[in-house]
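Here are a few notes to go with the model. Have it open while you read, and start with the aromatic rings.

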Amino acid sequence: MDFIVGIALMIINSFLLKARIDYAAVITIFLIGVFIDFWLLIVFPNFTISSAIMSYVLLAIGITAMGSGIGMYLQFNFAKNPIDNLMIAVHKRTGLSLAMSKSSLEILIMIIAFILGGPIGIGTIIIAFGIGPFVQFFFKRFSKIKDFINQW
């Protein structure tokens with residue numbers, strides 16, 4: 001199902017960006033699935049969090065790591081996954097900041113998940129509202145690093 005959604009997003013992105021379909025996104029769809037399975041099934045198969053404080057600490061670390069990773073790979077022009085490419089398309093078509101583009105898409109997806117009966121918890125809400133500002137923050141920081149590297 002995720003693969004089909006990814007392909008649909010690739011088509012929508014090509015329309016919004018007025019560009020060819022980014023077939024490299026198929027690689028990112030596949031790799032994201034493989035890495036999620038690797039970490040959940042092989043590295044941490046029996047991992048449980050016993051305290052609420054540890055849950056929030058890990059959530060904060062995860063949001064920071066995601067924002068940093070997304071900001072970095074977008075800045076260095078690696079193949080974009082379809083949802084992040086949609087964020088770029090919304091950013092370019094509407095003029096919204098990356099933070100607003102990412103957060104609005106995450107909130108829209110959260111609302112759709114809620115309507116479809118998906119599990120929505122406090123972590124989902126924090127990520128929906130919080131990931132966009134982190135992506136924009138790190139995107140700007142990695143821009144400076146990219147400029148520094150390009151000077152060499």
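1. A word on accessibility: with a 1.4 Å probe and protein chains only, buried means under 20% relative accessible area, exposed means over 50%, and partly exposed is in between. Trp152, at 78% relative accessibility, therefore counts as exposed. Its partner Phe148 forms an edge-to-face aromatic pair with Trp152, 5.6 Å centre to centre and 65° between the planes. Phe148 is at 46%, so it is partly exposed.

2. Some ground rules. This is a predicted model, where local features need pLDDT of at least 70, side-chain atom pairs count only at pLDDT 80 or more, and totals for chains, interfaces and linings use all residues. Residues are numbered from 1 along each chain as its sequence is written, and side-chain values use heavy atoms, leaving out hydrogens and water.

3. Rings of Phe, Tyr and Trp (its six-membered ring) pair if their centres lie within 6.5 Å; planes under 30 degrees apart are stacked, over 60 edge-to-face, and the rest tilted. That rule gives six aromatic pairs. One of them is Phe76 with Phe142, edge-to-face at 6.3 Å centre to centre and 70° between the planes. Phe142 is buried at 14%, while Phe76 is partly exposed at 27%.

4. Do look at the cluster too: ring pairs link Phe38, Trp39, Phe44 and Phe47.
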